[in-house]
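Colleague: I have not looked at this one before. Can you put it up and take me through it?
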2 protein chains.
Amino acid sequence: MDVVFQVVSALNTFGISRRCEPIIGIGGGVLLDIVGFAASLYRRGIPYIRIPTTLIALVDAGIGVKTGINVGKHKNRLGTYYPPLATLLDRAFLRSLDTKHISNGLAEILKMAIVTDATLFWLLEQYGTILISSKFQDESAAPLVLYRAIHAMLAELQPNLWEQDLNRKVDFGHTFSPALEMQAVPELLHGEAVAIDMAISALLAYHRGLIDIQILDRILCLMKKLQLPLAHSLCTAEFLYEALQDTILHRDGSQRVPLPVSLGDVRFFNDITEEELATVVHTLQQLLPS
Amino acid sequence: MDVVFQVVSALNTFGISRRCEPIIGIGGGVLLDIVGFAASLYRRGIPYIRIPTTLIALVDAGIGVKTGINVGKHKNRLGTYYPPLATLLDRAFLRSLDTKHISNGLAEILKMAIVTDATLFWLLEQYGTILISSKFQDESAAPLVLYRAIHAMLAELQPNLWEQDLNRKVDFGHTFSPALEMQAVPELLHGEAVAIDMAISALLAYHRGLIDIQILDRILCLMKKLQLPLAHSLCTAEFLYEALQDTILHRDGSQRVPLPVSLGDVRFFNDITEEELATVVHTLQQLLPS
């Protein structure tokens, strides 16, 4: 909120008009979230334009209508639904990113692939290495991967802009990760925490017989190929179950955990137990190199 | 914002669910604005219910969809449009108010009378004294006055909920008053600052030949009957012109000053000068007892 007030103070000093002078946010997801939040509140809303410069902002935070800030250890505890006047997407910005931030964005692309788009999953398997090394500057796969990821995301968001339906496919990887991300900040980027959550969720799906070992293996192998983490020492069964309790409040009293049932489809579950999480954590530890 | 964070902290501690546990704000306009603002931001919006307990909240802050907080010397600098689940209006609460707070609310009722409802103006002339002495507990006029004031307000707000049209009749009395109120806080209540603005605006209308001396006299006499202030030592022409510059930013670059053209109607003006304000300030000083 301190940074929001810095923006507010700059707008006061500038003497910005209420409707005819849009502000422009240029940066990553955190910056766009804060600028969007400030714009949505200043005089009950002034127009703004978003220009995402990171991969994760390009495919996730920069599209859609949500803004928000963290409060204490609570991720996005305060926020608004506030559409920008326009969002300008240009992958040329990605040239300046390091590999960690490319992988960070790939986590959200992988999420969309797992929950709605098996073709996108296949594209990541084929071109993941090139996408990372070229920083999405290659013409072979980058345009198509970005197009599919963004359009898959918009197709999920558009009919449910105000989250009236809390069974959201795009919440895959966002069940345990908010608590993990806030606890591990700044070590883990958002997409990295999401990746660890996706590994846990994929294992939950496998243990429930929703996906077979081949699909589980493809998911975990692709995560490694995309240079994403699969586990974190904080993720004990106890920690994950605690994280789930906070997510339940955000999902209005039910778990609504999206688990993959194939590549490109999920179903929602409300009966995840701490014992089940303990099994998954145990399995995950065995899969990892020591 | 500190108080907003107190509400947020209480909601965190309670572990409130996102959709099925509405919070209830009970109090005056400032409290309802702050609780509404917190509710609109918490997890991007949780349901809330408003119960206004002051006259001004009953006819003004408590109806409509706006929430907000002051920032520094800027009134309602941050806010949202966020409808409550319900607003419960009960004039029994007004029994506990002192006369100053009754008059404070009467200022906003008078505003609605001047801009849209000559009958309401007449009712205030006839029953103003009884309304104050009974604290709106009399059956002769209180129910009708509240009904007309509230419905006149809703009729103005409803077609323009998000203030797409910045020529708002209900902004009468709100051109110079935001700066005055913030400068004179806590001496002047909101309705008192609005009253002073209405006296200035009525004099502007008289000097422009929009209303005759009889109507000006009825307006100023009714304000005195309702025990409202007509002037304040801060209100020099220079101060008022400065206040107008900030209001122009809020009205997207134009003055859009509503001035009465009869009892029950206003027109908007964009050409108020500092010289004109000097004349009005001078006239107002002559009208007041020294």
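Modeller: Start with A:Lys66, which counts as partly exposed because its relative accessibility is 27%. Bear in mind that this is a predicted model.

Colleague: Which residue forms a salt bridge with A:Lys66?
Modeller: A:Glu163 does, with 2.7 Å between the closest N and O atoms. A:Lys66 sits in strand 3 of chain A, and A:Glu163 in the loop between helix 6 and helix 7, 97 residues apart.

Colleague: Is A:Glu163 buried or exposed?
Modeller: A:Glu163 is buried, at a relative accessible area of 3%.

Colleague: Over in chain B, what does B:Glu139 meet in a salt bridge?
Modeller: The side chain of B:Arg91, at 2.9 Å from N to O. B:Glu139 is in the loop between helix 5 and helix 6 of chain B and B:Arg91 in the loop between strand 5 and helix 4, so the pair ties together parts 48 residues apart in sequence. B:Glu139 is exposed, with a relative accessible area of 60%.

Colleague: How many salt bridges are there over all chains?
Modeller: There are 34. A network of them links residues of both chains, including A:Arg18, A:Arg44, B:Lys66 and B:Glu163.

Colleague: Change of topic: what rotation superposes chain B on chain A?
Modeller: One of 180 degrees, with 0.0 Å of shift along its axis and an RMSD of 0.0 Å. That is the relation of a two-fold axis. The same surface serves both copies, as 100% of the contact residues of chain B recur in chain A.

How values were computed: Residues numbered from 1 in each chain as written. Chains lettered and ligands numbered in written order. Predicted model: local features only at pLDDT ≥ 70, side-chain atom pairs only at ≥ 80, totals over all residues. Heavy atoms only, no water. Least-squares fit on C-alpha atoms with pLDDT ≥ 70 in both. Contact = heavy atoms within 4.5 Å. Salt bridge = Lys/Arg side-chain N within 4 Å of Asp/Glu carboxyl O. Helix = DSSP H or I, 4+ residues; strand = E, 2+ residues; numbered from the N terminus. Buried < 20%, exposed > 50% of the residue type's maximum accessible area, 1.4 Å probe, protein only.
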